[in-house]
Amino acid sequence: MTALPDDPTRRPLRVATVPFATPYGDAVAPDGVVRVGPDVEPSPWLDPEHLTAHAGEVDVLHLHGGYAHLTVPEMDAWTAAVRRCDVPLVVTVHDLTAVDGADSGTHPGAARTRARAHLRALLATAEVVLTLTPGAADEIADRFGRTAIVVAHPSLAAPTPGIGRETRLVGLHLGELGPEVAEPLELVRSALSGAVSGGGRLRVDVHPDVDLGTRLPDLLELADAGDLELVRSRPEDPAAWVRHLQELHVSVVPQRARTHSTWIELCRDAGTRAVVPGGGHPREQWSDVVLYGNDPVTGLDGASLTSAVV
């Protein structure tokens with residue numbers, strides 16, 4: 001998105017962003033731009049009737065997520081409405097893959113098929129396509145015949161002065177143990193092996209709402225035995241995540257390979273080395289990345305994770 005020239009006689013650029021408020025959207029919004037709501041999910045701007053009725057209230061649509069719930073026919077209907085309303089569409093492509101099984105029981109193969117169909121419809125309609133790495137831009141050109149403008153991912157938060165980093169402290173953030181975190185116990189064991197072999201220790205962070213007694217009792221046993229540190233946290237914003245990461249020497253990204261990783265950006269802001277699944281374009285996001293094997297086809301390569309941590 002580009003701000004209008006500095007002209008007091010012109011009104012601000014009105015942008016409907018989908019989703020309305022995210023750290024990425026907040027960071028890339030130019031000064032003087034007015035974002036048009038409402039701030040609800042799913043965004044009503046994804047409803048063709050709402051778009052048609054309110055198209056005159058916006059100058060640009062900026063879509064960078066929040067549409068995975070749409071069926072393929074619904075996405076086709078929405079992109080057709082965008083073309084009818086003649087509102088310029090800007091699409092930021094964060095990911096060229098689907099999160100297997102992440103959307104309410106959708107079969108992994110169906111999720112991937114739907115994600116491809118979504119992108120095909122969006123990129124055929126968008127006036128401007130943005131993405132975060134040259135490798136992703138090449139994929140977009142090869143697969144969809146569109147030229148994407150590569151824009152650097154913005155910094156999401158500044159480090160907090162005075163927070164010390166513990167040498168050789170390895171962090172593994174499992175969050176809410178969602179479907180994107182596969183084989184969590186094997187992730188823990190492999191990361192633990194690497195941390196200990198490297199002369200360090202492992203901290204595993206799990207969302208406090210997760211019932212570990214039911215979901216991952218072996219993790220509780222490892223923590224009770226003193227083999228690792230278990231913490232339960234829920235940082236609410238990028239600044240809190242960066243403070244969390246500043247304490248670590250290494251952070252392991254547990255989610256399987258994606259095109260891009262917001263976690264890498266947070267690690268970069270914190271200055272913490274990231275151990276990340278291969279695939280996608282993580283090394284183009286930041287140079288201080290070490291890769292391991294973890295993808296939907298071959299699964300977790302525990303030995304490669306141990307080696308990457310070491």
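Is helix H9 mostly covered or mostly exposed, and how many of its nine residues are buried? In the predicted model described here, H9 is mostly covered, with seven of its nine residues buried; a residue is called buried under 20% relative accessible area, exposed over 50% and partly exposed in between, with a 1.4 Å probe and protein chains only. Because the model is predicted, local features need pLDDT of at least 70 and side-chain atom pairs count only at pLDDT 80 or more, while totals for chains, interfaces and linings use all residues. Residues are numbered from 1 along each chain as its sequence is written, and side-chain values use heavy atoms, with hydrogens and water left out.

The overall form of the chain is considered next. The secondary structure of the protein chain consists of twelve helices and 14 strands, where helices (H or I, at least four residues) and strands (E, at least two) are DSSP runs numbered from the N terminus. The radius of gyration of the protein chain is 21 Å, which agrees with the value near 19 Å that a compact globule of 310 residues would have; this radius is taken over C-alpha atoms, and the globule rule is 2.2 Å times the number of residues to the power 0.38. Along the principal axes, the C-alpha atoms fill a box of roughly 65 × 45 × 35 Å. Of the 310 residues, 49% are buried. Among contacts between residues at least 6 apart in sequence, 65% join residues at least 24 apart, a contact being heavy atoms within 4.5 Å.

An open sheet of six strands has the order E2-E1-E3-E4-E5-E6, with parallel pairing. Strand E2 (34–35) and strand E6 (149–150) stand at the edges with a single partner strand each, so one side of each is left without a neighbour in the sheet. Two strands are said to pair if DSSP finds at least two bridges between them. Strand E4 (residues 89–93) and strand E5 (residues 128–131) run parallel and are joined by four bridges, and Thr-92 stands opposite Leu-130 in E5. Strands of a sheet pair through backbone hydrogen bonds, either parallel or antiparallel.

Val-33 lies in the loop between H1 and E2. With 19% relative accessibility, Val-33 counts as buried. Beyond its neighbours within four places in sequence, Val-33 is in contact with Leu-13 and Val-15. Leu-13 and Val-33 are 20 residues apart in sequence, yet their C-alpha atoms are 5.1 Å apart in space.

The surroundings of H9 show what covers this helix. The buried residues of H9 are Pro-238, Ala-240, Trp-241, Val-242, His-244, Leu-245 and Gln-246. These residues pack against helix H1 (23–28), strand E7 (169–175), strand E8 (201–206), strand E10 (250–252) and helix H10 (262–270). Gln-246 belongs to H9, which spans residues 238–246, and has a relative accessible area of 6%. Apart from neighbours within four places in sequence, Gln-246 has contacts that include Pro-159, Ile-163, Arg-165 and Thr-272. Strand E11 (residues 273–277) is mostly covered, four of its five residues being buried.

Several backbone features remain to be described. Most residues other than glycine have a negative phi, and most peptide bonds are trans. A cis peptide bond joins Val-18 and Pro-19, with omega about -5°; Pro-19 is in the loop between strand E1 (14–18) and H1. Another cis bond leads from Gly-37 to Pro-38, with omega near 15°, and Pro-38 is in the loop between E2 and helix H2 (48–54). Asp-86 is not a glycine but has a positive phi of about 60°. Asp-86 is placed in the loop between helix H3 (72–85) and E4 and counts as exposed at 63% relative accessibility. Arg-168, also not a glycine, has a positive phi of about 70°. Arg-168 is found in the loop between E6 and E7 and is partly exposed, with a relative accessible area of 44%.
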